[in-house]
Protein chains: 2
Amino acid sequence: LDGEAMQAARQRQARLTKPAGSLGELEELSVRMAGLAASCPPPVLAPAALAIFAADHGVHAQEVTPWPQAVTTQMVANFLAGGAAVNAFARQAGVGVTIVDVGVLSDLDPADGLILAKVRNGTADMSEEPAMSREEAVAAVETGIGVAGRLIDEGARILLTGDMGIANTTASAALISVFTGRDAGMVTGYGTGIDAATHLRKIEVIKRALALHEPSAEDPIGALSTVGGLEHAALAGFVLGAAARRVPVILDGVTAVAAALAAQALAPLSREAMIAGHRSVEPGATVALAKLDLAPLLEFGMRLGEGTGAVLAYPVVASAVRVLHEMATFDSAGVTEK
Amino acid sequence: LDGEAMQAARQRQARLTKPAGSLGELEELSVRMAGLAASCPPPVLAPAALAIFAADHGVHAQEVTPWPQAVTTQMVANFLAGGAAVNAFARQAGVGVTIVDVGVLSDLDPADGLILAKVRNGTADMSEEPAMSREEAVAAVETGIGVAGRLIDEGARILLTGDMGIANTTASAALISVFTGRDAGMVTGYGTGIDAATHLRKIEVIKRALALHEPSAEDPIGALSTVGGLEHAALAGFVLGAAARRVPVILDGVTAVAAALAAQALAPLSREAMIAGHRSVEPGATVALAKLDLAPLLEFGMRLGEGTGAVLAYPVVASAVRVLHEMATFDSAGVTEK
C-alpha cells in the first residue's frame with residue numbers, strides 16, 4: 001500500500017461535504033483503495049468482472065454431500081444461460097460474469113463467456129491420494145493468474161471471485177485447517193445443507209486426508225495439491241494476479257477465503273488487495289477471515305457461493321471509491337464548516 | 001401482508017436452482033416483498049426513488065450542534081448540484097433523487113429535482129415552545145404522503161428515505177424517547193460529531209422539552225408537533241404513503257427510524273412496508289429498530305443521514321426480488337436435485 005496516496009485520501013475525506021468520519025468503514029476502505037492503486041483518487045472501480053472457477057472433486061466419492069457430481073456441469077450451463085442467483089445479482093450490480101472450467105469432470109463445449117482451461121477432469125479423492133500433482137496445482141494457479149490478467153487487460157478495474165464445484169466446501173475446510181492450524185471439526189460446516197451424519201463423515205474424511213498427506217502452511221502448493229481443489233488453486237492465482245496488478249479483488253465465501261489463505265501464504269502482500277465481500281455461515285469462513293485480518297462488508301446468513309456475496313458487496317466498494325471522485329469539498333460547494 | 005403470495009414465494013424459493021435457504025435473509029426479504037405486493041413474484045423494484053426531506057430546527061438556538069444552520073440550505077444546493085455523498089451513492093445504485101423543502105429556514109429558489117413544499121420556515125425551539133402547531137405537523141405529514149404518491153405515480157416501485165436538517169438528531173432522539181419510553185440519555189448520540197459537553201447539553205435540552213410538553217406515544221401528531229421536526233413529520237407521511245400503496249420503503253438512519261416510529265403509531269400496519277437499510281451509530285437508531293422489530297441490512301458505522309444508508313442497501317433489496325423473477329428452477333434449467 002502506498003502511504004502517500006493513503007495520506008492524500010485521508011486528507012481528501014476530511015475536505016468533503018460531510019462530517020469527518022461519518023461514512024465509517026467506507027472511508028477507511030476508500031483510503032485502502034487509494035493505497036492499493038498508489039493514487040488518490042484511486043481509479044473508479046468499473047467495469048467489474050466476476051470469474052466463476054468451476055471444478056469437480058474426487059472426494060465426492062466419500063459421500064460428503066447429497067448433491068450428484070453432475071450438478072457442477074449443469075450449473076455451468078445455468079450460469080451461461082443467466083439463470084443462477086449470481087446472474088440475477090450481477091445484472092443488478094452491473095458486474096460482468098465469466099465462467100472458467102479449470103477442472104470440471106465432464107468435457108464442456110465452447111460457449112460465449114466460458115473460458116476452457118481445464119487442468120484435469122476433476123481431482124482425485126484426497127482421502128486416498130493427493131487431489132492432484134504439484135504440477136497440476138501450479139498449472140491451476142497460473143490459470144487463475146492468467147484469467148485475472150486477461151480480465152484486467154479487457155478493462156476490469158475490480159475483480160470478484162466466484163466458484164462452483166460440488167463437494168468443494170470439503171476441500172475449503174481442509175485448506176482452512178492447514179493454513180490456520182485449527183482442527184477440522186472447528187472449520188467444517190454444513191455446506192449446501194447436509195445432515196448431521198454427513199457432517200460427521202465430512203469431518204472424518206478431512207481428518208483422514210490431513211493425516212495422510214500432512215500438508216503444511218509453509219508449502220502452499222503442497223497443501224493445494226494434496227487437499228485442495230482445482231478451483232481453489234485457480235482462485236489463489238486469481239487473487240495473486242489481481243494483487244500483482246494493484247487491482248482490488250472482492251472475495252466471496254468459504255471457497256474464496258480458503259483460496260485467499262493460500263494466496264497469502266504464497267505472497268503475503270497479496271492480502272492488501274483483498275476485500276471480504278460477506279461472511280458466509282460456514283464456520284471456516286469466519287476462521288479464515290480472522291487469519292486474513294479482513295472484516296466482511298455484508299452478513300446475510302448466505303451459504304451459496306457462485307460469487308453471490310462478492311457481487312452483492314460490489315456496489316458498496318464502488319460507492320466508497322466514488323466518494324473520493326465525485327463529492328464536492330466544503331470550498332467547492334460553498335458549504336460552511338463547523 | 002398477503003399470506004397466499006408469501007406462501008407462493010416460499011414455494012418458488014424452494015424450486016430455484018440453489019440449495020434451500022442458501023440466500024439467508026434475502027430469501028425472507030423476498031417473501032415479505034411478495035406479501036407486501038400481494039403477488040408472487042412481486043414487482044421488480046425499479047425505478048427506485050429517494051426523497052430527501054429538508055428542514056431547520058429552532059432548537060439549534062440551544063447550541064446542540066457546532067454546525068451553523070445555514071448548512072441545511074447549502075447542502076440542499078449541494079444535493080441539487082450532485083456533489084453530496086448521497087448523490088455519489090445514488091449514481092452507483094441507479095436511484096433517482098428528489099429534494100423536498102418541507103421547512104428550510106431560508107426561502108429556496110425553484111430548481112429541477114426540488115419540490116417546494118415548505119410548511120413553515122424552520123421549527124420553533126422545542127425547549128421553550130412546541131416545535132410547530134398540530135396543524136403544521138399534519139400538513140407536513142400530508143406533504144410526505146403526497147410526495148410518496150407522486151413518486152409512485154411517476155413510476156417508482158420502491159421508495160427510500162433521506163433527510164437533511166442541522167440539529168435534526170436532537171428531534172430524532174426526543175421522538176425516539178417518546179415512542180420507546182427510553183430515557184433521553186439512552187437514545188441521544190453524538191450526531192454529526194459533537195464534544196462531550198455538547199452531548200450533555202443536548203440531552204438536557206431534550207429532557208427539558210419532554211418535561212415541558214409531556215408528549216405521548218398515544219398522540220403521534222402531538223409528539224411530532226411538540227418535539228419533532230418538519231422533516232420527521234413529512235417522513236412519517238412518506239412511509240405511510242408508501243405503505244398505503246403497498247410499495248416498500250427503505251429507511252435510512254436515526255431520523256428515518258424516529259419518523260418510522262411515528263408512522264407506526266399512526267398506522268401499525270405501515271411497519272410491514274419498512275425495510276431497515278442500515279444501522280446508524282446513533283444509539284437511538286438501535287433502540288428504534290428494536291421497537292420496530294426490524295433488522296438492518298447493513299452496518300458500516302455510518303452516521304451521515306441524507307439517505308446514504310438506504311441507497312447503499314437498495315441493490316441488496318432489488319437483488320432479493322430479482323431472484324424470484326430471474327432465477328431458473330431445477331426443472332427449467334435441467335439441474336438435478338439432491
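**Loops, helices and sheet in a two-chain model**

Biologist: In which loop of chain A is the place of A:R246?

Modeller: Note that this is a predicted model. A:R246 is not a glycine, yet its phi is positive, about 60°. The residue sits in chain A, in the loop between α10 (230–244) and β5 (249–251).

Biologist: What is omega for the peptide bond that joins A:A46 and A:P47?

Modeller: A:P47 lies in the chain A loop between α2 (25–37) and β1 (48–55). The bond joining A:A46 to A:P47 is cis, with omega about -5°.

Biologist: Which residue does a cis peptide bond join to B:P41?

Modeller: B:P41 is in the loop between α2 (25–37) and β1 of chain B. Omega is about -5° for this cis bond, and the partner of B:P41 is B:C40.

Biologist: Is α6(A) roughly parallel or roughly antiparallel to α9(A)?

Modeller: Take helix α6 (residues 168–180) and helix α9 (residues 220–227) of chain A: their axes come within 10 Å and cross at roughly 150°. Angles over 145 degrees count as roughly antiparallel. Therefore α6(A) and α9(A) are roughly antiparallel.

Biologist: How many residues of the contact of α6(A) with α9(A) are nonpolar?

Modeller: From α6(A) come A:A171, A:A174, A:L175, A:V178 and A:F179; they meet A:P220, A:A223, A:L224 and A:V227 of α9(A). No polar and no charged residues take part, and the nonpolar count is nine.

Biologist: Which strands of chain B stand at the edges of the sheet?

Modeller: The sheet is open, with six strands in parallel pairing, ordered β3-β2-β1-β4-β5-β6 in chain B. Its twist averages 30° from one strand to the next. An edge strand has a single partner, so one side of it is left without a neighbour in the sheet; in chain B these strands are β3 (114–116) and β6 (274–276).

Biologist: What angle does the direction of helix α13 of chain B make with that of β4(B)?

Modeller: Helix α10 (residues 230–244) of chain B lies across β1, β2, β4, β5 and β6, running at about 180° to β4(B). Helix α13 (residues 308–326) of chain B touches β1, β2, β4, β5 and β6, and its angle with β4(B) is about 170°.

Biologist: Which residues in chain B lose the most area to chain A?

Modeller: The contact takes 54 residues from chain B and 54 residues from chain A. Together the chains bury about 4600 Å², 62% of it on carbon and sulfur atoms. Three residues account for 16% of what the chain B side buries: B:Q92, B:F300 and B:K338.

Terms used:
Residues numbered from 1 in each chain as written. Chains lettered and ligands numbered in written order. Predicted model: local features only at pLDDT ≥ 70, side-chain atom pairs only at ≥ 80, totals over all residues. Heavy atoms only, no water. Axes fitted to C-alpha atoms, helices over the stretch in contact; angles between N-to-C directions. Helix = DSSP H or I, 4+ residues; strand = E, 2+ residues; numbered from the N terminus. Parallel < 35°, antiparallel > 145°, perpendicular 65-115°, else oblique. Contact = heavy atoms within 4.5 Å. Nonpolar A, V, L, I, M, F, W, Y, C, P; charged D, E, K, R; others polar. Pairing = 2+ DSSP bridges. Buried area = accessible area lost by both parts, 1.4 Å probe.
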